[in-house]
Amino acid sequence: VRNLVFSFIVAVVVVSSSSTSRSVFSFSFGDVRKRLPKKGFRTFLKNTAAITNDAVVAKESSGDVWEMLQIKLQSVVAGADDDAENVRESVLTFYRDTNGWCPFCERVWICIRAKNLSYDETLVPLRNKPDWYKQMVPTGQVPAILFHKWDGGNDENTRKLVWESRDVMKALDDAFPDTVQLVYDTEEYNVAIEQNERLLKAGFDFLSLDGQDEGEDAEKVKGEKRDAFISSLNEIDQSLQKSGGPFRLGSKFTGVDAEMIPMLERWRYQLPLKDTPLNILEGRPYLQKWFEA
């Protein structure tokens with residue numbers, strides 16, 4: 001889905017430099033996102049690949065492709081609407097960041113998908129958060145989850161709002177006990193979470209040095225931070241080997257893995273692009289297997 005969205009955005013950039021056209025098309029896309037149920041929107045996204053190709057070709061032969069895109073969008077929406085009757089009732093509303101980059105939102109999203117739950121999604125801008133959200137969530141932070149029927153209730157009074165990613169992950173287990181359980185109150189689980197936090201801190205310390213002043217002392221600090229980060233990566237690889245893999249605690253995917261994914265997937269693709277490239281998978285076969293799992 002993310003690849004399709006990226007292709008769709010590229011097409012918009014390619015076919016027009018007009019701010020007016022971009023505004024019109026942005027409205028159409030946002031309108032589609034709000035109107036369609038989740039399954040219908042997936043169908044819409046799948047079809048944007050073909051629209052993207054047509055748009056690029058049309059750009060080469062004509063200066064105006066917006067009418068063609070609008071016609072095609074209408075046909076895509078019509079086809080997606082046909083799926084509406086088969087969509088499951090949403091059991092929760094997921095409040096997350098608009099840019100899809102928040103790692104805490106991502107770990108919650110991963111848990112929701114692992115449980116195969118049907119959900120609504122409301123995007124919250126990280127800058128200038130709306131007053132209604134700040135009034136609803138005391139911290140004003142994302143993510144947050146609104147459970148539509150807490151404890152199997154049948155009316156709106158049984159709804160429950162939970163925020164803070166780890167609290168949300170635990171609440172998802174509690175609210176849906178028949179789904180795969182991801183969070184455990186065991187020593188093994190807690191030790192793994194602490195290890196995740198050490199890795200996250202080491203990675204943040206390493207990346208936070210980008211753009212700082214050069215010099216002998218600066219280079220020494222960078223070297224120390226890099227070594228500490230590499231040591232934390234090696235510790236993760238060794239723990240995966242010890243657990244028997246492919247996941248952090250063994251054969252089953254857990255909340256520990258859900259917390260690992262956002263940071264590790266970013267580092268895997270970002271760090272090789274640095275001036276001094278770093279491949280987090282190099283020499284770490286068990287981390288490689290974790291990614292493949």
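## Backbone in the loops

Asn 128 sits in the loop that runs between strand 2 (119-124) and helix 6. In this predicted model, Asn 128 has a positive phi of about 55° although it is not a glycine. Its relative accessible area is 74%, so Asn 128 counts as exposed. Glu 164 is another residue other than glycine with a positive phi, here near 70°. Glu 164 lies in the loop between strand 4 (160-163) and helix 7. With a relative accessible area of 40%, Glu 164 is partly exposed.

Two peptide bonds to proline are also listed here. The bond from Val 142 to Pro 143 is cis, with omega near 5°. Pro 143 belongs to the loop between helix 6 and strand 3 (144-147). The bond from Gly 245 to Pro 246 is cis as well, with omega near 0°, and Pro 246 is placed in the loop between helix 9 and helix 10.

## Overall composition

The chain has 11 helices and 4 strands. Of its 293 residues, 39% count as buried. Among contacts between residues at least 6 apart in sequence, 68% join residues at least 24 apart.

## Helix 8 against helix 10

Two packed helices are described by the angle between their axes and the distance between the axes. For helix 8 (residues 187-207) and helix 10 (residues 255-270), the axes come within 10 Å and cross at roughly 15°. Helix 8 is therefore roughly parallel to helix 10, as angles under 35 degrees are classed that way. The crossing of helix 8 past helix 10 is left-handed.

On the helix 8 side, the contact is made by Tyr 189, Ala 192, Ile 193, Asn 196, Leu 199, Leu 200, Gly 203 and Leu 207. On the helix 10 side, the partners are Gly 255, Val 256, Glu 259, Met 260, Met 263, Leu 264 and Trp 267. The residues of this contact divide into 11 nonpolar, 3 polar and 1 charged.

## Helix 5 against helix 10

Helix 5 (residues 103-114) also packs on helix 10, at an angle of about 130° and with the axes 8 Å apart. That angle makes helix 5 oblique to helix 10. Helix 5 passes helix 10 in a right-handed crossing.

Helix 5 contributes Pro 103, Glu 106, Arg 107, Ile 110 and Cys 111 to the contact. These meet Ala 258, Glu 259, Ile 261, Pro 262, Glu 265 and Arg 266 of helix 10. By class, the contact of helix 5 with helix 10 has 6 nonpolar, no polar and 5 charged residues.

Side chains of opposite charge can pair when their charged atoms come close. The structure holds 12 salt bridges. One of them joins the side chains of Glu 259 and Arg 166, at 2.9 Å from N to O. This pair links distant parts of the chain, with Glu 259 in helix 10 and Arg 166 in helix 7 (residues 165-175), 93 residues apart.

The two partners fall into separate accessibility classes. Glu 259 has a relative accessibility of 5% and so counts as buried. Arg 166, at 34% relative accessible area, is partly exposed. Both belong to a network of salt bridges that links Arg 107, Arg 166, Glu 197 and Glu 259.

## Salt bridges within a helix

Asp 131 forms a salt bridge with Lys 134, the closest N and O atoms being 3.6 Å apart. Both residues lie in helix 6 (residues 131-136), 3 residues apart, which is about one turn of the helix. Lys 134 has a relative accessible area of 43% and is partly exposed.

Glu 219 and Lys 222 form a salt bridge with their closest N and O atoms 4.0 Å apart. This pair lies in helix 9 (residues 216-243), and the two residues are 3 residues apart, again about one turn of the helix. Glu 219 counts as partly exposed, at 41% relative accessibility.

Notes:
Residues are numbered from 1 along each chain as its sequence is written. This is a predicted model: local features need pLDDT of at least 70, side-chain atom pairs count only at pLDDT 80 or more; totals for chains, interfaces and linings use all residues. Side-chain values use heavy atoms; hydrogens and water are left out. Axes are lines fitted to C-alpha atoms, for helices over the stretch in contact, and angles run from 0 to 180 degrees between N-to-C directions. Angles under 35 degrees count as roughly parallel, over 145 as roughly antiparallel, 65 to 115 as roughly perpendicular and the rest as oblique. A crossing is left-handed if the near helix is turned anticlockwise from the far one by less than a right angle, and right-handed if clockwise. Contact means heavy atoms within 4.5 Å. Ala, Val, Leu, Ile, Met, Phe, Trp, Tyr, Cys and Pro count as nonpolar, Asp, Glu, Lys and Arg as charged, and the others, Gly among them, as polar. Buried means under 20% relative accessible area, exposed over 50%, partly exposed in between (1.4 Å probe, protein chains only).
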